[in-house]
Amino acid sequence: DTSIHDVFFDQSDLGEHLEEDVCDALAGELLMPGSHVDAHISPDGPTAASVIDLVASTPNASREACCVRAAERVIGPGHVMVIRGGTALFTASHSTPYRVRRGTPQGAGHLAGRAATAGTARGEASVTYARNAKSDMFFVDAAYDVEEDLIVAVFMENRPPWERGLALPNRDRTGDATVDAYC
């Protein structure tokens with residue numbers, strides 16, 4: 001069907017990201033039906049603990065596939081990231097114009113890194129994209145997976161499921177002069 005080809009060729013990257021998204025969605029649905037994901041991820045979106053639970057309950061799927069399925073449930077722009085040693089090993093993105101490349105350091109002292117010593121960490125933080133470009137601030141929930149010795153972090157721009165009531169950012173999200181990747 002040439003109309004499908006046109007959609008890919010109309011993309012600025014000739015459909016490379018779109019193709020990856022389609023493949024991830026198909027693989028995710030085959031490995032983890034929606035009802036299975038629903039049993040672990042709330043309708044309000046994922047938390048770091050719920051992503052770790054999804055991984056533990058889905059032995060036939062990779063951690064990356066679980067992150068992709070969890071990111072599909074993020075309400076608004078956000079990311080589900082797997083971090084080891086302060087470096088993003090994998091990031092599934094949802095409704096964001098930019099993606100976090102594998103192997104991108106998130107910086108010493110990043111909020112998500114605190115989960116390695118405390119077990120969990122919540123607050124606000126940016127993500128670092130390639131070439132050290134920083135995003136605007138996201139609400140963040142991070143949890144340490146002891147069995148795998150890594151951190152799972154959920155970044156959400158809108159009210160996250162771990163906040164109750166009105167959730168407002170601590171500061172103007174566009175006022176940081178170091179932000180390079182705000183859209």
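Modeller: Helices, of at least four residues, and strands, of at least two, are DSSP runs numbered from the N terminus. In this predicted model, the chain has six helices and six strands, and along the sequence they follow the pattern α-α-α-α-α-β-β-β-α-β-β-β.

Colleague: What makes helix H5 largely enclosed by the rest of the structure?

Modeller: Helix H5 covers residues 63-71, and eight of its nine residues are buried, so the rest of the structure largely encloses it. Among those buried residues are Arg63, Cys66, Val68 and Arg69.

Colleague: Why is arginine 69 called buried?

Modeller: Buried means under 20% relative accessible area, and arginine 69 has a relative accessible area of 4%, so arginine 69 counts as buried.

Colleague: Why does glutamate 64 count as partly exposed?

Modeller: The partly exposed class lies between the buried limit of 20% and the exposed limit of 50%; the relative accessibility of glutamate 64 is 33%, and therefore this residue counts as partly exposed.

Colleague: How do you know that arginine 63 and aspartate 145 meet in a salt bridge?

Modeller: The cut-off is a side-chain nitrogen of Lys or Arg within 4 Å of a carboxyl oxygen of Asp or Glu, and for the side chains of arginine 63 and aspartate 145 the N to O distance is 3.2 Å, so the pair qualifies as a salt bridge. Because arginine 63 lies in helix H5 and aspartate 145 in strand S5 (residues 138-145), the pair ties together parts that are 82 residues apart in sequence.

Colleague: How many salt bridges does the structure hold?

Modeller: There are five salt bridges in the structure, including one between glutamate 72 and arginine 69, whose closest N and O atoms are 2.7 Å apart.

Methods: Residues numbered from 1 in each chain as written. Predicted model: local features only at pLDDT ≥ 70, side-chain atom pairs only at ≥ 80, totals over all residues. Heavy atoms only, no water. Buried < 20%, exposed > 50% of the residue type's maximum accessible area, 1.4 Å probe, protein only.
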